[in-house]
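Reader: I am new to this structure. Please show me how to read its features one at a time.

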Amino acid sequence: MISDRMKKLAAGNSAIRAMFEEGKRLAGIYGAENVYDFSLGNPNFPAPKQINETIKALLDEKESTYLHGYMSNAGFEEARELVAASLNRRFGTAFGVNNILMTVGAAGGLNVALCTLLDPGDEGLTVSPYFVEYGNYVSNFSAKLIAVPADEKTFQPDADKLAAAVTAKTKAVILNNPNNPTGVVYSEETIKKLAAALEAKQKELGTSIYIISDEPYRELVYDGAVVPYITKYYRNTIVAYSWSKSLSLPGERIGYLVLPDEMDDAELVISAASISNRILGFVNAPSLMQLAAARCIDCSVDIEAYDNNRKLLYNGLRELGFECAKPEGAFYLWVRSPEPDEKKFVEKAKAHNILFVQGSSFACPGYVRLAYCVSEATIKNSMPAFAALAREYGLG
Ligand code: PLP
């Protein structure tokens, strides 16, 4: 028989995945072009062509035993050097190769960071709405995730509320900027307030509280929005980055952690993270992709195409009378449900072949999330269906 923990997880299997399956079912009945599936954050835009070119060059250039072999748990030095140099160039930081640990995507990186920091019974804080997997990641280490609601109007984290939730057991605060599911970018002002509040709590309690900054959407920002580099504002920061979205490589499972020398017990944390990267069921990040992604670190997917989608969907839905948070980053639109129970809204949309995800899946009922990493045609063609949905609610 399976474990009790997995019984619970199997019973509550992700609503996002369920919606994705529903999309496939509806496409089988009505044709894919007549189903408007905004449920999954699976990038629809191709990886930059430099990725394939770099992979081919690496296959020609490198010894097979090096390219496909085991390496130091933290990853290839040459990949980590390229990452550190890029961060230093872009953010004025001073990271060296020891501060970078190549990971199996952001999910792998987050689990490595949490494995390194958490004892059973410890607490991790996050800001709701939040990426639902955080709860599973934290409970992987028999610790508890506590969610503190963001400001209701701006969806920025509320530093005072967050500080009030800190206890002597709080070891980590997971922040996600730009944010999934809201598309909001946490501003410099917000980060400064959070940093000050957590510094004060550390002093008061005599503990170390690490911010784990989950940043797979860092490069996907619009209207000149700036995503503060948190290590510059708060000493005890670990950054979890991934190329899943910025290079459209989610299946390749590649990212990195930044583990600064300035954080408390840095040496211990860095060496423990390298062991975590070996014992969680994966052993180092995929070798070929470490080198390919690091060499393409200054490339990016077509951000203008995402921006175009963002404007089409945001403006289109607002004109129809839906209330949306202004998205400045990632590829999600956060929409207030026109009726209190957003699950009913999701069901009504489904009747128009529109699929999106209930806010309850992000610990924030009353809202829904639309992922606009879809084709432009899907957005344009969905508008008559959204108009019919809006009419059902008497909007506009
Ligand atoms: N964190 C957030 C907020 C995400 O949205 C995702 C994926 O959608 C991840 C982490 C996991 O990213 P990766 O595919 O790089 O593991």
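This is a predicted model: local features need pLDDT of at least 70, side-chain atom pairs count only at pLDDT 80 or more; totals for chains, interfaces and linings use all residues.

Reader: How many residues are in the largest nonpolar core, and which touch the most other members?

Author: The general idea comes first. Nonpolar side chains in soluble globular proteins tend to be buried together. Here the largest nonpolar core has 41 residues, and those touching the most other members are Phe38, Leu313, Leu317, Phe356, Leu370 and Phe386. Several elements give two or more residues to this core, among them α2 (15–30), α13 (303–319), β12 (367–371) and α15 (376–392). The largest share, six residues, comes from α15.

Reader: Where does this core lie relative to domain 1 and domain 2?

Author: The core lies between them, because domain 1 (4–48 + 301–392) and domain 2 (49–295) both give residues to it.

Reader: Which residues does Phe38 touch?

Author: Leaving out residues up to four places away in sequence, Phe38 touches, among others, Leu313, Ile354, Phe356, Leu370 and Phe386. Another core, of 33 residues, lies apart from this one and includes Ile51, Met102, Tyr229 and Leu247.

Reader: Is Cys115 buried or exposed?

Author: A residue is read as buried if its relative accessible area is under 20%. Cys115 has 19% relative accessibility, so Cys115 counts as buried. Cys115 is found in helix α6 (residues 105–117). Not counting residues up to four places away in sequence, Cys115 touches Phe141, Ser276 and Leu280. Cys115 and Phe141 are 26 residues apart along the chain, while their C-alpha atoms are separated by 6.4 Å.

Reader: Is Ala32 buried or exposed?

Author: The cut-off for exposed is over 50%. Ala32 has a relative accessible area of 53%, so Ala32 is exposed. Ala32 is found in the loop between α2 and β1 (36–37). The C-alpha atoms of Ala32 and Thr378 are separated by 9.7 Å, although these residues are 346 apart along the chain.

Reader: How many residues surround the ligand, and which are the closest?

Author: The ligand is surrounded by 14 residues, of which Asp214, Tyr217, Ser242, Ser244 and Arg253 are the closest. Helix α6 gives the most to this shell, with three residues.

Reader: Which polar atoms of Ala107, Lys245 and Arg253 lie by the ligand?

Author: For Ala107, a polar backbone atom is 2.8 Å from an oxygen atom of the ligand. For Lys245, a polar side-chain atom lies 2.9 Å from a ligand oxygen atom. For Arg253, a polar side-chain atom lies 2.6 Å from a ligand oxygen atom. Taken alone, the ligand exposes 400 Å², and the protein buries 91% of that.

Conventions:
Residues are numbered from 1 along each chain as its sequence is written. Side-chain values use heavy atoms; hydrogens and water are left out. A nonpolar core is a set of buried Ala, Val, Leu, Ile, Met, Phe, Trp, Tyr and Cys residues joined through side-chain atoms within 4.5 Å. Buried means under 20% relative accessible area, exposed over 50%, partly exposed in between (1.4 Å probe, protein chains only). Helices (H or I, at least four residues) and strands (E, at least two) are DSSP runs, numbered from the N terminus. Domain bounds come from an automatic or database domain assignment. Contact means heavy atoms within 4.5 Å. A residue is near a molecule or strand if one of its heavy atoms lies within 4 Å of it. A polar contact is a pair of N or O atoms within 3.5 Å; within protein, one must be able to donate a hydrogen and the other to accept it, and residues adjacent in sequence count only if both atoms are side-chain atoms. Accessible areas come from the Shrake-Rupley method with a 1.4 Å probe; for residues, only the protein chains shown count as cover.
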